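Hello,

Here is the structure I promised to pass on to you. Please have a look at it first, and then read my notes below.

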Amino acid sequence: MGLALPAPDIARALIRISHEILERNSGSANITLLGIPTRGAHLAKRIASAMEKIEGTSVQMGTLDITLHRDDLRMRAPRALMPTVIPPLGVEGRDVVLIDDVLFSGRTIRAALDALGEIGRPKSVQLAVLVDRGHRQLPIRADFVGKNLPTSIEQSVVVHLTELDGADEVLIEGPLP
Amino acid sequence: MKHLLSINDLSKVDAISILDTAQELARVSDGPMKKLPTLRGRTIVNLFAEDSTRTRISFEAAAKRLSADVINFSSKGSSISKGESLKDTAQTLQAMGADAVIIRHSASGAAQRLADSKWMSGSVINAGDGTHEHPSQALLDAFTIRKHLSKGADDLTGLRVAIVGDVLHSRVARSNVLLLSKLGAQVVLVAPPTLLPVGVESWPCQISYDLDEVIANVDAIMMLRIQLERMSEMYFPNAREYSRYFGLNSDRIRAMKAGAIVMHPGPMNRGLEITADAADGARSVIVEQVANGVSIRMAILYLLLAGNQEFAETGVSS
């Protein structure tokens, strides 16, 4: 089990992503951040507060549960639903930034795009992830990446966040590539 | 969880997870797109061997919002009215590939019989069996009470609920007593002695014969329908006397606590167990109960059918 990203690197990556999102969208006025539960929702909170510090204005932030749109529901035990919280200005005509911890097959993001389409029609949808570990199974890429981690398919990437796990770290488990 | 037959099959954690799931799914019913792809390709049969509007339509709406295919099957106009047995009906449904059967039947235990048999492999959901249970109704009632009165708690601890009327014939009352007490509420049954079942002392609830004594200190009051079709057996002298002692009218509404709610599982006999102004007044959540019923039934169908039951022994995963 190797430490791929220690706490200070995670903090720096999130600050950089916050700046990049603001730069790409010329400020936060039309941005709506949506974190994908559970860890994506916590990352969205951190990015929102970083952006608020940089810009000095409040940022629209919420969560988007994708469980009902997953394509692997029948392959697992029934899953509990997580909260979806859409901020007051909604998603219609907004620049929505989806936020997740790890980008892997791309199936979660496909489900997120479906879930989002049910709520409204954003002007654009962008994707920010803390870690991109490769092995995409769908034509999906991230706009903002904290760290590209080359992994083998046998390995797994584990993200720990202070809010849930007591510490910030990204670990790679399993055999070396 | 493969079947939903009785509240007794649910732990407190299971019940709360159904309520939480329904709360998330209610969002879908409120949103602009009332449809989710979750149960696409699943077939759900509504097998109603007894009349029902609310429950059947509610399950049908729930299944359709989750994109399942629904086949409605009622005793009138089907071979049940020609005397076909439950076994033959079930085997027919199995051959058609039903993933779940929602059954309403006049015989207590019909749903259990279907689930225990090897006649079909799908899930069985009890939508009311005789005078036994009606679990989805109790869940939607608990959901409604929690939404209005729990102040953010996930159970019903500390709340007092009165269930008034024909407890003897009411599967709704039985399921509600079991579920509400499981969730921490205190339940008091209010009825004339003739309309209480034998053995009611062993239920996890209190019993009263005086509505006026109870009404001022309950948070929710649930009125049960007087089943007019059963009233030939003289459970009480006449309808007017019943209304006077056990009916909900505007005087009794005024005696209730601030914030207390009025519920009725429907269909109502206006003027008998509840007056029109009580049914339509500010405390009434009767129409909302119907809307909540769809959310609860979506949650039940989702939890029973969306996942793979081979992995379900450990309950709900996150």
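The notes below go through domains, cores, a cavity and some backbone details.

First, the ground rules. This is a predicted model, so local features need pLDDT of at least 70 and side-chain atom pairs count only at pLDDT 80 or more, while totals for chains, interfaces and linings use all residues. Residues are numbered from 1 along each chain as its sequence is written, chains are lettered from A and ligands numbered from 1 in the order in which they are written, and side-chain values use heavy atoms, with hydrogens and water left out.

Let me start with chain B. It is divided into domain 1 (7-133 + 290-309) and domain 2 (135-288), with bounds that come from an automatic or database domain assignment. The C-alpha centres of these two domains of chain B lie 25 Å apart. Their contact (heavy atoms within 4.5 Å) takes 31 residues from domain 1 and 28 residues from domain 2.

Now the cores. A nonpolar core here is a set of buried Ala, Val, Leu, Ile, Met, Phe, Trp, Tyr and Cys residues joined through side-chain atoms within 4.5 Å. Buried means under 20% relative accessible area, exposed over 50%, and partly exposed in between, with a 1.4 Å probe and protein chains only. The largest core has 97 residues, and B:Leu139, B:Ile145, B:Ile221 and B:Leu301 have the most contacts inside it. Helix α11 (residues 286-305) of chain B gives the largest share of this core, eleven residues. Helices (H or I, at least four residues) and strands (E, at least two) are DSSP runs, numbered from the N terminus. Domain 1 and domain 2 of chain B both give residues to the core, so it lies between them. Leaving aside residues up to four places away in sequence, B:Leu301 touches several residues, among them B:Leu39, B:Phe59, B:Ile102 and B:Ala306. There is also a second, separate core of 28 residues, including A:Ile10, A:Met51, A:Ala128 and A:Leu130.

What lines the largest cavity? Its lining includes A:Leu14, A:Ile47, A:Asp100 and A:Val129. The lining divides into eight nonpolar residues, no polar and one charged. Among the elements of chain A that each supply at least two lining residues are α1 and α2, while β5(A) gives the largest share, three residues. The volume of this cavity is about 30 Å³. For the terms: on a 1 Å grid over the protein atoms alone, a cavity is a set of points where a 1.4 Å probe fits but cannot get out, and lining residues have an atom within 4 Å of a point. Grid points are joined across faces, edges and corners, and a volume is the space filled by probe spheres set on the points.

Last, the backbone. Most residues other than glycine have a negative phi, and most peptide bonds are trans. The bond from A:Pro37 to A:Thr38 is cis, with omega near 0°, and A:Thr38 sits in the loop between β2 (31-35) and α2 (39-55) of chain A. Another cis peptide bond joins B:Gly266 and B:Pro267, with omega about -10°. A:Ser26, not a glycine, has a positive phi of about 50°, and A:Ser26 is exposed at 69% relative accessible area. B:Lys151 has a positive phi of about 55° and is exposed too, at 83%.

Best wishes

How values were computed. 1 Å grid on protein atoms, 1.4 Å probe; cavity = no way out; pocket = protein on both sides within 12 Å on 5 of 7 lines; lining within 4 Å. Nonpolar A, V, L, I, M, F, W, Y, C, P; charged D, E, K, R; others polar.
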